Amino acid sequence: RDPTERKMRALQKRERRNNGSPISDSTANGIQDSAPTLSYPGATAVRPSDHDDDKRGNASADEQEINDLQFESASLIPIAAEVVPSEDDREEMEKRMRSEMEERVQKELDDRLRKERELHVVAEAVHIDETMDVGGQGACVRPSRKAIVLAGICMLIVVVAVIVGAVLGTRSPPPTEEFELMVDTIGDLVASDPSIFYQSRDSPQYAAMDWLANQDSWISVNPENVTLDVLVERYALAALYFATDGPAWKDQYSFLGNTSACEWNLYELQMGAFCENSSVIEIWLETTGLRGSIPSELALLSSLESINLFENLLSGTIPAEIFYLGNLTQFEVDENILSGSIPGEVGQATHLTSLWFGVNRLKGTIPEVVYDLTQLQWLEVSGNFLTGTLSSELSKLTDLEFLDFSLNEFNGTVPAQLSKLSGLSSFFISDNPGIVGSIPEGFSNLPNLTFVMVDGTGLTGSLDEAFCGAEREIPIEIVAADCLGDSAKVVCSCCNFCCDGIENCEEMIL
């Protein structure tokens, strides 16, 4: 994926506050052509990303380190041997089901007897008073007052019974034997308390377990391929499907199909679930129309490396459990409506290279543990309600290439230590009025810096030393700052866009 392309899309949506005029196509194309890119995920056993190939080529120390960091939370994936229920367990299950069936039959007989007794009472209560023939008109039949009262009471009982029966009839049927057997088999592996599967039948967890037990025909026709790991994996993906309104997705990508989970994708679009060594390592469902919340069950996919849920309608908070995945390298949930804060557990995912939280409703500060993710290359938190300062600890992210803190509520100054980020190519802090001071001159030593946006801030002084020096081997292609008008807060001779710090920006002809 192209991180700067996303930034340009956001800019064009805002139309750069330039009287309704978007950035010119030539400028946008120039940014997209020069931007660093993220590779697409590969098919079932191949990933074309160069850094991933290098990682897999180093078979010893790196793989050992990854294995040591496997998710160990007992509440999510307890260690279990791949066993199947014993014959004694099956017999016990059959006895229990027979007992329940006998109880239901007996209850049905009792109900029928009760109804017959009620009808008998009505028949005896409604007796007939025969009166004398009057005026030659024959016998006159008239029920007694007592009979009318008793009949009314009995009819009321019947009506209430019908209403109660109708209400009870709308309830979901009791769990099937297959459902209970599946809960007994993997319940402890997928939930800290398996009783949750019997508490609410409206939850994504119940729907996923019910699908796996009663509708997933693949596991019955491929018994030789079914292990506990396979069952847990299919359950986790089903939980994702039901938690995000799967039936309403723009494309189903074969999810919950009668195939291996490794085939739940559309390879031509590089969307869906992708595997390596028969385990799901990537989930790419951007712009798919996902609604609902991100389920914590994603943490059950122990081999998962990449999660991309960009530009959907996901709400709720970000599950902290996901960051205990020892192989996780990419987590992208930008352009949703997520709330809460960035989980502190993000520091557990020490192999992360890409974090995209932008354009949500996140609050709070950036956890300090983020600055210990030394492999991080992309950090995007724009368009939220985050507070705090630009920490000097950012300088520890020596591999950082893309930094976007724009459209938040950050304050303070730009740390001089950021000039140590020699690989930094994109630096965006625009629309944070609380950021003050000047840009450190050491930014002139950042050889790869290509895109800079510092407009809408409280910065003052000259930017020429930091950004416009002729000694730069690679000239900065885009610079936007508050350099518009006679009362401009900064001086910038190489800015492509000059803004007034309020609402107006103009594209400059250099």
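In which strand is Ser 354 found? In this predicted model, Ser 354 belongs to strand S10, which covers residues 354-356.

## Ser 354 and its polar contact

The relative accessible area of Ser 354 is 0%, so this residue is buried. The side chain of Ser 354 makes a polar contact with the side chain of Trp 356, at a distance of 2.8 Å.

## Disulfide pairing

Five disulfides are present in the structure. When the bonded cysteines of the protein chain are numbered in sequence order, they pair as 1-2, 3-6, 4-8, 5-7 and 9-10.

## The link of Cys 262 and Cys 275

Cys 262 and Cys 275 are joined by a disulfide with an S to S distance of 2.1 Å. The link is left-handed, with -90° about the S-S bond.

In the disulfide of Cys 468 and Cys 494, the sulfur atoms are 2.0 Å apart. This disulfide is left-handed, because the torsion about its S-S bond is about -70°. It links distant parts of the chain, 26 residues apart: Cys 468 lies in the loop between helix H11 (464-467) and strand S21 (478-481), and Cys 494 lies in the loop between strand S22 (490-491) and strand S23 (497-499). Cys 494 has a relative accessible area of 19% and is therefore buried, the cut-off being under 20%.

A disulfide also connects Cys 483 to Cys 498, with an S to S distance of 1.9 Å. The torsion about the S-S bond is about -95° here, so this disulfide too is left-handed. Again distant parts of the chain are linked: Cys 483 is in the loop between S21 and S22, and Cys 498 is in strand S23, 15 residues apart. Cys 483 is buried, with a relative accessible area of 14%, and Cys 498 counts as buried at 5% relative accessibility.

Which residues are in contact with Phe 443, leaving aside its neighbours within four places in sequence? They are Val 414, Pro 415, Leu 418, Ser 419, Phe 427, Leu 449, Ala 466, Phe 467 and Arg 472. One of these contacts, Ala 466, is 23 residues from Phe 443 in sequence, while the C-alpha to C-alpha distance between Phe 443 and Ala 466 is 5.0 Å.

## Packing of helices H8 and H10

The packing of two helices is described by the angle between their axes and by the distance between those axes. Helix H8 (residues 204-214) packs with H10 at an angle of about 130°, and their axes are 8 Å apart. H8 and H10 are therefore oblique to each other, and H8 passes H10 in a right-handed crossing.

On the H8 side, the residues that meet H10 are Pro 204, Gln 205, Ala 207, Ala 208, Met 209, Trp 211 and Leu 212. Their counterparts in H10 are Leu 231, Arg 234, Tyr 235, Ala 238, Ala 239, Phe 242 and Ala 243.

Methods:
Residues are numbered from 1 along each chain as its sequence is written. This is a predicted model: local features need pLDDT of at least 70, side-chain atom pairs count only at pLDDT 80 or more; totals for chains, interfaces and linings use all residues. Side-chain values use heavy atoms; hydrogens and water are left out. Helices (H or I, at least four residues) and strands (E, at least two) are DSSP runs, numbered from the N terminus. Buried means under 20% relative accessible area, exposed over 50%, partly exposed in between (1.4 Å probe, protein chains only). A polar contact is a pair of N or O atoms within 3.5 Å; within protein, one must be able to donate a hydrogen and the other to accept it, and residues adjacent in sequence count only if both atoms are side-chain atoms. A disulfide is a pair of cysteine sulfur atoms within 2.5 Å. Contact means heavy atoms within 4.5 Å. Axes are lines fitted to C-alpha atoms, for helices over the stretch in contact, and angles run from 0 to 180 degrees between N-to-C directions. Angles under 35 degrees count as roughly parallel, over 145 as roughly antiparallel, 65 to 115 as roughly perpendicular and the rest as oblique. A crossing is left-handed if the near helix is turned anticlockwise from the far one by less than a right angle, and right-handed if clockwise.
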